[in-house]
Every structure is written in structure tokens, then in C-alpha cells.
Amino acid sequence: MSILVVGSVALDSVQTPFGEVEDALGGAAVYFSAAASFYDRVNLVGVVGEDFPIHYLGFLQDRNVDLAGLQVLPGKTFRWKSRYDYNLNTRDTLDTQLNVFADFHPQIPEAFRDSTYVFLANIHPQLQLEVLQQMRAPRLTAMDTMNYWIESEREALTRVISAVDIIIINEEEARQLADTYNLVRAAGAILDLGPRAVVIKRGEYGATLFYRGDQPIDFFFAPAYPLEELKDPTGAGDTFAGGFMGYLAKEDDASAAALRRAMVHGSVLASHAVEDFSLGRLRDLTWEDIEARYQLFRRCTLF
Ligand code: AMP
């Protein structure tokens, strides 16, 4: 199988109580690819400016990430600046400079159009729809979004949600999207729009899968791994999505049982991503590290 991801490739400046980085490698498509490439071949579509140090992506190429869909345009790369307080579940976005990302129009290379698994990272919902239209016959599609699009592009966003199989969003976005505080009701309302499953990410409280199964609404809960060393939560959500989609693509299985195991793979990858700044940990992670933590997840949820 192969996985297509479309999303931001960025230079992030991040401060947390445990340190800071400036113009470090980031972006939703990068975190996603770093995780998903442990499982299957990844086709990345994005855009950077001429200032982007392309060697930053060398470790992804070594892991079978195809960068043929990465456009390099005159101008500057997308930059994002944020600060986390001791409550690492919330962050302040200090600055967003879209630069070349402002005019991003995803062109899916011919060779990528047969990708079987598709992840639409957080971009304008209209562009997410354009990506879906360019794909031939994906077996499974998933998407992310953000509060900005919920507020400003609800109609287009609703169309994408209706068109994908799975939506992976954080809890505040789920509440905002469904206009209710109650997450079970929010998930139900989102499932009513069309997707088969909704994954709600809850930061250090883990992630919950909601789907229509034996019950009108079925659940699966994956905890976040209790870490002693946590430096930077940036990218945890996209890394989760990469582990989740990567596992499904590798198994080529999207049954309820596979979705549940994918929730744990997503959580395993995200738990590693936050151990260092930027892509620091995902860069030198090994398959053995992933398997070992998967077993720890099994231990801490078995009763
Ligand atoms: P996460 O922590 O999973 O929400 O993802 C953070 C990543 O998303 C960072 O590496 C940012 O570069 C990227 N990002 C932040 N804002 C945006 C945006 N408006 N559009 C696309 N990507 C963004």
C-alpha cells in the first residue's frame, strides 16, 4: 500500500518550559510522514520556499518518503511560532507567516494518484476537496482541520467531512464543530455528517475513537503514555495520525479491530514525538522502540 499526505512543511519556533528552538523543522505533513513511514511508503505533497534547508528532509527520504510532490517556490517557507506554559495541553500561537503556503494549490503528481490511503492534514477545506478529486480510488481517506476553518469555511468543511472515512480532530475543535460541550454528542453529530469514524485527540488524556459498530455509537479509549521526559507537544496530533494511518495501510485493514489497534500505534508514535523538540526524537526512533512501547501500552491498559 502507499499513503498520500498533503499538508504544511514548516519552520517552527517553539518555546516550552523545557527549552526552545528557532526555525526548526516542523509542519503537519512532516510529522505525519516521519511516523507513517515506519509502516509503509509515504507520498508527501506540500510547498516550501527557496530558503528551506532541504537536507532537513534527508531522514524522511532514507525512510522511503517520496518528496516528488514537494514544490519549492520563490519566496519564504511557512513559519509558525508558539509558546506552551506548564499546562502543555494549551498553547499560544504567537505568529503565523504563511509565505509560500498562502498560495498553495496541491498538485498531486501522476504517480501519487493511485495512493491507497490518503491523509488530508490541516489546510483550507476547499484544497482538501481538490486533493480528493485528484485521487483515483483511495481505499481509506482521513482528514484533520482547525478552529480557523470551522469558523470561516464551515460549508466547504462540511463537504470534506462528508466525503472522508475518518476525521481526526482535537476535543475543542469537535465541540466547536458540533456546537456542544458533550464529546459523545459531538462525535455523534460528526458521524451523522458521513464519516465512519471520529478520533478525538485529548492531549495528555489520550485519544478516543467513536464509530458506528454494534452499538449506535461505539468507543475505544487509548491513553497518552505517562512520560517522565516530555519536552515539546508540537506535532503530537499529526504524529498520531501518521502512526494511525500507517498501521492501517500496512495491514490494509480498516475493520473496527484494526482501527482500535491503530489508535494504539498512533499513541505510541505521538508519545515518542513529544520527548524532544521538533523532529528530534522521530528522526532517530527505531522499529524496536515502537514495538517496546506498544507492549507497555498493552500492559497499562490490560485488566
Ligand atoms: P499539532 O501540534 O499537531 O497541531 O501540529 C503543529 C504543526 O502544525 C506545526 O509543526 C506547525 O508548523 C503546523 N501548523 C501550525 N499552524 C498551521 C496552519 N495554520 N496550517 C497548517 N499547518 C500549521
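Reply: A polar contact is a pair of N or O atoms within 3.5 Å; within protein, one must be able to donate a hydrogen and the other to accept it, and residues adjacent in sequence count only if both atoms are side-chain atoms. This is a predicted model: local features need pLDDT of at least 70, side-chain atom pairs count only at pLDDT 80 or more, and totals for chains, interfaces and linings use all residues. Residues are numbered from 1 along each chain as its sequence is written, and side-chain values use heavy atoms, without hydrogens and water.

Me: What makes the side chains of T234 and D232 a polar contact?
Reply: Their distance is 2.7 Å. The limit is 3.5 Å, so the pair counts. The T234 side chain also makes a polar contact with the side chain of Y84, at 3.1 Å.

Me: Why is T234 called buried?
Reply: Buried means under 20% relative accessible area, exposed over 50%, partly exposed in between (1.4 Å probe, protein chains only). T234 has 4%, so it is buried.

Me: Why is F219 called partly exposed?
Reply: Its relative accessible area is 34%. That falls between 20% and 50%, so F219 is partly exposed.
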